[in-house]
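Here is a short briefing on one protein model. Look at the sequence and structure first, then read the notes by topic.

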Amino acid sequence: MPTKDDSHALLETERTRVEPPRLYKVLLLNDDFTPMDFVVQVLERFFAMDRERATQIMLKVHHEGRGLCGVYPRDIAATKVEQVSAFALQHQHPLACVMEEN
């Protein structure tokens with residue numbers, strides 16, 4: 001049985017292209033029952049917004065039906081949606097938070 005000596009073989013470098021992760025928008029949706037101050041509280045608590053920015057987003061949700069809270073990788077966006085949804089449910093508000101691909 002012949003044996004092959006590979007000790008002198010050259011390995012070719014293989015270039016792999018790593019793409020950045022897909023990003024997802026986290027959005028709040030308007031409803032007729034969730035108080036505006038609760039929406040501001042959610043934006044401050046879960047999206048680290050100051051009162052002025054949170055109020056601007058809340059008004060956008062109120063007037064346009066939805067507002068952008070942030071853009072995140074999939075896992076973080078899903079966590080934010082879950083946190084906001086659980087917090088709204090805990091406080092008995094129907095506030096909807098969704099994510100969509102950016």
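Where is leucine 68 found? Leucine 68 sits in strand β2, residues 66-73. This is a predicted model: local features need pLDDT of at least 70, side-chain atom pairs count only at pLDDT 80 or more, and totals for chains, interfaces and linings use all residues. Residues are numbered from 1 along each chain as its sequence is written, and side-chain values use heavy atoms, with hydrogens and water left out.

**Fold**
- The protein has three helices and three strands. These are DSSP runs numbered from the N terminus: helices are H or I, at least four residues, and strands are E, at least two.
- Along the sequence, the pattern reads β-α-α-β-α-β.

**Dimensions**
- The C-alpha trace spans about 80 × 25 × 20 Å along its principal axes.
- The radius of gyration is 23 Å, whereas a compact globule of 102 residues would have one near 13 Å. The radius is taken over C-alpha atoms, and the globule rule is 2.2 Å times the number of residues to the power 0.38.

**Burial and surface**
- Of the 102 residues, 29% count as buried.
- Leucine 68 counts as partly exposed because its relative accessibility is 37%. Buried means under 20% relative accessible area, exposed over 50%, and partly exposed in between (1.4 Å probe, protein chains only).
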